[in-house]
Amino acid sequence: MLFIGVDLGTSAVKLLLVDGAGDIKRSVSEEYPIEFPRSGWSQQNPDDWWAAVLKGVPELLRGFDAADVCAMGCGGQMHGLVVLDDHDEVIRPAILWNDGRTGKQVDYLNETIGKERLVSLTANIAYAGFTAPKILWMRENEPELFRRIRKIMLPKDFVNYRLTGSFVTDCSDASGTLLFDVRNRRWSEEMLRVCHVHASQLPEIRESYDSIGTLAPSVAGKIGLPTGVVVCTGAGDNAAAAIGCGVIGDGRCNISLGTSGTIFLSSSRFSVLKGGELHSFAHADGGFSLMGCILSAASCNKWWTEQIIGSSDIASEQAGIDPDEAAEEQTFFLPYLMGERSPLNDSSARAAFVGMSMATGRPEMTRSILEGVSFAFKDCLNIARDQGVSIESSMVCGGGAKSAVWLQMLANVLGITLLIPKTEQGPGYGGAMLGMVAFGMYSSVVECAEHLVAVRDEIKPHAVAQGRYERRYEIWRHLYPGMKDIFTMMTGQKSDRAVEK
C-alpha cells in the first residue's frame with residue numbers, strides 16, 4: 001500500500017510517496033511564484049498550486065504502480081483567503097498568511113468588536129494574517145469582486161476541492177480564520193455577521209482524518225491515479241507537521257523552523273489566553289493546541305544569505321559559528337521582515353540590525369540572524385511558561401532544522417532538549433498519516449503515530465551557553481519596544497499596542 005502526502009507551502013508544493021510502514025519512497029517538489037505587489041503584501045494564484053499538483057503527482061508515481069495508492073492527505077499553508085465565483089473560478093489572487101495589508105481591519109476587530117468579545121467567540125484576537133480581516137479588506141477595497149464571492153476557502157481546501165469536488169475544511173485550518181468557534185468546533189454565526197459572510201459561502205467542517213471522498217474521474221485520469229483513492233480533509237500546515245512529528249495529546253511540543261516559525265503545544269483540553277498572545281486552535285488529532293507563530297524564521301537566513309550577501313551556500317556561512325559562544329560584541333537582529341504575529345501582533349514591525357560597529361563583519365551579522373530568530377521563539381515560549389505550561393523538550397522540524405549550528409543555539413536559548421524525528425518531512429508526512437487513518441489502516445491518529453514516529457537524535461542545552469544567551473536576550477527583548485513608534489511612523493500604520501517600558 002502507498003499513500004501520498006501533500007505539503008502545500010508558500011514557495012512550492014512538496015509531494016511524498018509513503019508506504020504502509022511509513023518509509024518515504026520518493027519526494028517531488030514543484031515551485032510556483034509569489035507576488036509582493038506592495039510592501040507588506042503577499043499573494044499567490046491558487047491555479048498555480050493546482051498546476052503544480054497536476055505536474056508533480058505523475059512524477060511522484062514514476063516507477064511505481066499507481067494502483068497501490070490508497071489515499072492522500074494535504075497539510076497546507078494557513079489563513080490564505082481563496083475566493084471563487086459561481087463558476088468556481090478564482091476571483092483574485094489568494095491573500096496569504098504573511099500579508100500585512102489589513103492593519104485597519106485588525107484595529108476595527110480588536111477595538112470596535114473588542115478583543116474580549118473576539119476571544120469569547122473564537123478563542124483568538126485578530127491578527128493581520130488571519131482570514132477574517134482579509135475578507136473585510138476585500139469588502140472595503142474591492143467591493144465588486146467581493147459581491148462575486150460564492151465560496152470562501154483555505155489553500156489546501158482549494159486543492160481538495162479540485163481533487164474531489166467536496167467543499168470542506170478541517171477544524172485546525174478553520175481555527176485560523178477568526179470565523180470559527182474553536183471550543184465548539186463550528187463556524188461562529190456572530191463572526192459571520194461581523195464579516196458579512198453567509199454560511200453557504202463557507203465549507204463544511206470535518207475532522208482532519210475524515211475521508212471527504214475519492215478522486216473525481218476527470219482528475220484521476222490527469223494524474224494517473226485510480227478513482228478509488230481516498231482523500232482526507234487534511235490540516236493546516238502546523239497541525240499537520242505536529243502530527244508528522246507525533247505531537248499528539250497532552251503536553252507535547254513541536255517547533256517548526258520553516259519559512260515562518262511556530263511553537264505548537266498540543267492538549268486534549270481547550271484553553272485560551274485572554275490577551276491572545278498565542279493562538280488557541282483545534283488540533284488535527286481531534287484535540288486542541290496553543291501556538292505561537294513568528295512570521296519570518298528560516299526565511300530570515302535565506303534572505304540574508306541569498307539576497308544580501310549573494311551566497312547559495314548557507315552551511316559555509318555558518319561554518320565558523322560556535323553556538324555555545326554567545327557573541328561578546330553587541331550586534332543584534334530583529335527578525336520582523338514581514339511584520340510580526342506572536343506575541344507582538346504588529347504588522348508594522350520591521351527587521352533591523354542594531355548595535356553594529358567597525359568591528360562587525362559578515363560572520364557576526366550571520367550569527368545575529370540565527371540568534372534573533374531564536375530569541376523570537378523564546379518570546380513565545382515565555383508566554384506559554386507564564387501560563388503555567390511546562391516545556392522540557394520539543395520535537396523540531398522544518399528546513400532550518402537541517403542546521404546543526406542553529407539547533408544547538410536554539411536549544412541553548414530556549415533551555416530545552418530538541419528532539420529530531422526519524423522521518424522529518426513536516427506537513428507532508430502528517431498529511432500522509434492522516435490519509436492512512438482516513439483509509440482505515442489505523443483506527444486513530446494516536447495509533448498511527450505510535451507505529452510510525454520515532455526520535456533519531458536529541459540536542460541538549462549547554463548550561464554555560466544558556467546563561468550567556470539569557471544575558472543577551474535581556475538586551476534584545478528591549479529593542480522592539482524602543483523602536484515600535486519608529487516602525488509605526490515608517491509604515492504609516494496605526495497600532496493599538498502601547499510601547500512597553
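Select Pro46, Asp47, Trp49, Trp50 and Val53 in helix H1, then Pro155, Phe158, Val159, Arg162 and Leu163 in helix H5: these two sets meet, where contact means heavy atoms within 4.5 Å. By class, this contact has eight nonpolar, no polar and two charged residues. Nonpolar covers Ala, Val, Leu, Ile, Met, Phe, Trp, Tyr, Cys and Pro; charged covers Asp, Glu, Lys and Arg; the others, Gly among them, are polar.

The model is predicted: local features need pLDDT of at least 70, side-chain atom pairs count only at pLDDT 80 or more, and totals for chains, interfaces and linings use all residues. Residues are numbered from 1 along each chain as its sequence is written, and side-chain values use heavy atoms, with hydrogens and water left out.

Now show both helices whole. H1 spans residues 46–61 and H5 residues 155–164; their axes come within 10 Å and cross at roughly 55°. H1 is therefore oblique to H5. Axes are lines fitted to C-alpha atoms, for helices over the stretch in contact, and angles run from 0 to 180 degrees between N-to-C directions. Under 35 degrees counts as roughly parallel, over 145 as roughly antiparallel, 65 to 115 as roughly perpendicular, and the rest as oblique. The crossing of H1 and H5 is right-handed: the near helix is turned clockwise from the far one by less than a right angle.

Next, helix H3, residues 131–141. Eight of its 11 residues are buried, so H3 is largely enclosed by the rest of the structure. Buried means under 20% relative accessible area, exposed over 50%, partly exposed in between (1.4 Å probe, protein chains only). Helices (H or I, at least four residues) and strands (E, at least two) are DSSP runs, numbered from the N terminus.

Move to serine 289, in strand E19 (residues 288–294). At 3% relative accessibility, serine 289 is buried. Display its contacts: Phe264, Leu265, Ser266, His279, Ser280, Phe281, Ala282 and His283, leaving aside residues up to four places away in sequence.

Last stop, the cysteines. Cysteine 253 is buried, at 5%.
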